[in-house]
Amino acid sequence: MKDNPIHSQARNLYFYLLFWFFMTAIYLNLILFSSDITFFTALVDSLVFNILLAGLGLSFWFSAKYISIDQNPVFKIVLIHSAGGIFVSAIWLTAGYLIMTGIFNYSTAYSEFFISTLPWRFLIGLLIYFLIISFYYVIIYYSGFHDRILKESDLKNLVTEAELRSLKFQINPHFIFNSLNSMSALTTIDPVRAKEMIIKLADFLRYTLANNDKQTNLLSEELKNIRLYLDIEKIRFEDKFEYEEKIDDDVLNQEVPNMILQPLFENAIKHAVYETLGKVKLELSAKQENDFLRITLRNNFDEFPAANKKGTGTGLKNIRERLALIYGQNDLLEINKDENIFRVTLFIPVTQKELSLTLF
């Protein structure tokens with residue numbers, strides 16, 4: 001959350017006044033222990049000179065702000081502030097002396113006291129000048145550092161959102177291109193099935209567009225979309241695969257990343273159904289285990305290397321990266337291959353009610 005500028009200025013002023021109260025106390029004690037003047041004279045002297053320097057000190061902000069440490073060499077900064085400290089100290093001492101002599105009716109005793117303490121007063125003026133300038137530089141650095149952190153955080157969120165969008169949009173083209181090719185072939189040999197496929201593909205794309213801006217969706221809605229997807233693939237592959245669900249009723253209202261299941265089935269269709277001569281069984285299960293929703297897609301595949309072509313793994317890689325970006329964990333996807341059975345398991349945190357990123 002970004003600081004309110006008014007609150008930030010008020011905080012800086014508070015620290016400045018606290019710092020000044022501390023310096024006033026030190027200055028008063030130095031005067032008391034350095035001479036035999038009365039406490040009243042020391043108190044008035046301390047108040048006058050410190051109020052003057054406090055007023056001058058507020059103007060030091062502009063020097064610190066416009067003589068940037070990042071944009072100027074160190075020797076130049078030291079030289080400028082040394083000259084500034086001498087000039088400010090001279091003004092401070094002259095103005096303070098005129099006011100104090102006016103208060104004490106141009107007392108000779110005070111004048112002698114002032115002259116005797118002039119060297120260390122001048123040193124105190126220089127010291128306080130550099131302390132105030134250093135204090136301002138710390139504030140400027142902290143504010144700049146805080147702003148940089150906020151900007152880097154905003155930029156990181158924008159980059160992450162862009163990555164999520166990119167990963168999401170990499171899912172659909174393979175399926176769409178394959179469906180269009182199938183429809184093109186069916187238009188001449190089976191127009192009825194081609195028409196059915198066009199209608200189902202239109203429904204699928206309508207669902208995709210309607211939910212495109214959502215980062216999450218209910219598992220029940222994702223299942224409806226998967227069934228629609230498989231209906232389209234059924235037209236392509238007829239009886240080459242069967243589908244079975246084992247879903248616990250109490251997890252249907254759990255939220256999962258939008259369109260997270262489709263690439264699982266797309267991967268199974270591409271590397272099992274398409275490449276296998278026999279019938280493939282797709283089995284989807286979902287249940288809650290501790291603080292995770294465990295979703296597993298299981299399918300058999302042809303073990304023969306000639307029939308089982310190795311893919312690029314883009315679909316599963318996208319899923320892993322999406323889960324890592326959304327939930328901040330890298331171990332939410334698990335892949336197991338046992339003889340001719342292939343399993344992909346997703347672990348969706350269910351205790352996290354709101355995701356860290358929302359796509360607009």
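Figure 1. Of the 360 residues in the chain, 42% are buried. Please keep in mind that this is a predicted model. The chain holds 10 helices and seven strands. Among contacts in the chain with a separation of 6 or more, 76% link residues 24 or more positions apart.

**Figure 2. A close-up of the largest nonpolar core.** This core has 50 residues. A second, separate core has 24 residues, including Ile77, Tyr110, Ile128 and Tyr136.

**Figure 3. The surroundings of Leu261.** Leaving aside residues up to four places away in sequence, Leu261 touches Leu219, Glu222, Leu223, Ile226, Ile295 and Leu346.

**Figure 4. Helix α7 against helix α8.** The axes of α7 (residues 191-210) and α8 come within 9 Å and cross at roughly 155 degrees. Angles over 145 degrees count as roughly antiparallel, and α7 and α8 therefore run roughly antiparallel to each other. The crossing of α7 past α8 is left-handed. On the α7 side, the contact is made by Arg193, Glu196, Met197, Lys200, Leu201, Asp203, Phe204 and Tyr207. Helix α8 brings Glu221, Glu222, Asn225, Leu228, Tyr229, Asp231, Ile232, Ile235 and Arg236 to the contact. Sorted by class, the contact of α7 with α8 has eight nonpolar, eight charged and one polar residue.

Note on methods
Residues numbered from 1 in each chain as written. Predicted model: local features only at pLDDT ≥ 70, side-chain atom pairs only at ≥ 80, totals over all residues. Heavy atoms only, no water. Core = buried A, V, L, I, M, F, W, Y, C linked by side-chain atoms within 4.5 Å. Buried < 20%, exposed > 50% of the residue type's maximum accessible area, 1.4 Å probe, protein only. Contact = heavy atoms within 4.5 Å. Axes fitted to C-alpha atoms, helices over the stretch in contact; angles between N-to-C directions. Helix = DSSP H or I, 4+ residues; strand = E, 2+ residues; numbered from the N terminus. Parallel < 35°, antiparallel > 145°, perpendicular 65-115°, else oblique. Left-handed = near helix turned anticlockwise from the far one by under 90°. Nonpolar A, V, L, I, M, F, W, Y, C, P; charged D, E, K, R; others polar.
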